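Visitor: I would like a tour of the side-chain contacts in this model. Could you show me the structure before we start?

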Amino acid sequence: MKLNLALKIFAIATVSLAVTSCSKSNNYKDSSRGTGWKVDGKDGGYKANTNYTEQATGPGLVFVEGGTFTMGKVQDDVMHDWNNSPNQQHVQSFYMDETEVTNNMYAEYLDWLKKVFPPTDENYRNIYTGALPDTLVWRNRLGFNETMTENYLRHPAFQNYPVVGVSWLQAVEFSDWRSNRANELILEKQGFTARGARFDVDASSTFDTETYLNSPTLTYGGSDSLTRGGKASQSRMKRNDSLDIFVQRKDGILLPKYRLPTEAEWEYAALGLSELRSYNVYRGRKKYPWNGSYTRSSSRRTRGDHLANFKQADGDYGGIAGWSDDNADITAAVQSYEPNDFGLYDMAGNVSEWVADVYRPIVDDEFNDFNYYRGNVYTKNAIDEEGKVRVVTVDSIVFDTLANGKIVARDLPGEILQVPVDEDETYLRTQFSTSDNRNFRDGDRRSTRYFESFDDDEDPEENAGKVMYDAPKHSVTSDSDGKLNREFDDSNTRTTLINDEVRVYKGGSWRDRAYWLDPAQRRFLPQGMATDDIGFRCAMSRVGSKSKSGKRAR
């Protein structure tokens, strides 16, 4: 009797399971997977963005699908630098500029600064001058280069050439400006601000993405949505669209920040690993951004043509005029050569490019092999006594004087003031314990053999020889009349040029031999300096799926 009852129960369970497996899976597009409640925002309930598809590609960018690759030198290290030994890394998908930032793109930035922060006003003069590229980088003691000094940045003949003479700090500021201008246009197109209102701004009403998202009423596009942009916003409300009067992060409309790529991202993108399943590519046997081990094309249509703009030999920056010429003696116009497999131009040659990382001789893959980056300085929004974010105003601009005497603005009006994270954010965390992590495991107290005797509060001269990177410390001060007093560190106890203010730059340039075209090559320069052969391009993080449309590649 018990056996028959057990068989009946088993049969019922089997039928139930079959019915469940054949039925259509629940669709949680309009309801919560956790509670079953509606997520359409009606009747005061939670409102979810169920119509989001994927991140839009920002202006000038191309998509780079992430993956694993061998980062570092796999060719002979003839210079014996040993500063980038091979290691396996994985980078997330991201976007990168199709070309280097051009003179025309940078001139647009300068024009905006000049209109919003007129250099004729003494309060703003250093904002504009601090962003100007150093055109004197073209000068040479024994060379006639005044034509480039006078014309390269502004003349229309060079408008599509990569901008040079830009320091790492200036490249970062350009990236921030570009982020805000791109999102400002999105707000206008979506009807959250009045058409053309972005041209009618001054120093006190500049748009900043993070300020808008954190406290929209404190920035143009927020408070002004009820005045200049009010008609557009109110008409959107009358249509009862799914969006509020202010765009929020959950709406998925605004783009992530434009920024400098990390070294790992840049190297991965330069290799053009679209053929990742190839054994040689996966194991790091690819020498250049293109296929093959030579710098001339082997294609039947373009056989013999140069594949990049670089120095051929002593006194030879382009070859003999004619067929064998690479059609460039200094820089070349962007897109002059074929792109790599990701669709990126000039990832070898033309100009070297700044990346985000602080330089260290070794990539510490033992600690991290995912989205590797050295340079994290964690900050948080400054909060005032009323609990609101502190926004930089016209009267609270802070200027920094670099070691070379150049004066730059730390933040622009409209941006949220940033302060270092403190023990409230670091307490009992395993991922980080301090705000500044640039010298973590390579330059901090614990990474030197003098750890027991090393004192952060000691005189730098007394610590000379104890710290791992005791680079010269030049300083610039100003007197009451504004005259700069430059103090050059001529100490003979310094043992290195490396510190936390030197940044990596990658790729060969028009001044370099073919050896430097290898994407694994890396060099460094202080972040406040510039040259005539270093430019940059921007990147943007990918949010959401690894591949476009969220489907696995077949």
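Visitor: How many aromatic pairs does the structure hold?
Guide: Happy to start there. Rings of Phe, Tyr and Trp (its six-membered ring) pair if their centres lie within 6.5 Å; planes under 30 degrees apart count as stacked, over 60 as edge-to-face and the rest as tilted. With those cut-offs, the number of aromatic pairs in the structure is 26.

Visitor: Before we go on, what sort of model is this?
Guide: This is a predicted model, where local features need pLDDT of at least 70, side-chain atom pairs count only at pLDDT 80 or more, and totals for chains, interfaces and linings use all residues. Residues are numbered from 1 along each chain as its sequence is written, and side-chain values use heavy atoms, with hydrogens and water left out.

Visitor: How far apart in sequence are the parts that Y317 and W510 tie together?
Guide: Y317 sits in the loop between α9 (279-282) and β6 (352-358), with helices (H or I, at least four residues) and strands (E, at least two) being DSSP runs numbered from the N terminus. W510 belongs to the loop between β13 (502-506) and β14 (522-526), so the separation of the tied parts is 193 residues.

Visitor: Is W510 buried or exposed?
Guide: Buried means under 20% relative accessible area, exposed over 50%, and partly exposed in between (1.4 Å probe, protein chains only). W510 has a relative accessible area of 5%, so W510 is buried.

Visitor: How many salt bridges does the structure hold?
Guide: Side chains of opposite charge can pair when their charged atoms come close. A salt bridge needs a side-chain nitrogen of Lys or Arg within 4 Å of a carboxyl oxygen of Asp or Glu. For the structure, the total of salt bridges is 28.

Visitor: Which parts hold D97 and R178, and how many residues apart are they in sequence?
Guide: The closest N and O atoms of this salt bridge are 2.7 Å apart. D97 belongs to strand β4 (residues 94-97) and R178 to helix α5 (residues 168-189), so the pair joins parts whose sequence separation is 81 residues.

Visitor: Are D97 and R178 buried or exposed?
Guide: The two partners meet in a salt bridge. As for their accessibility, both D97 and R178 are buried.

Visitor: Which ring does the charged end of R503 sit over?
Guide: A charge sits over a ring if NZ of Lys or CZ of Arg is within 6 Å of the ring centre and within 35 degrees of the ring normal. The charged end of R503 lies 3.8 Å from the centre of its ring, which belongs to W168.
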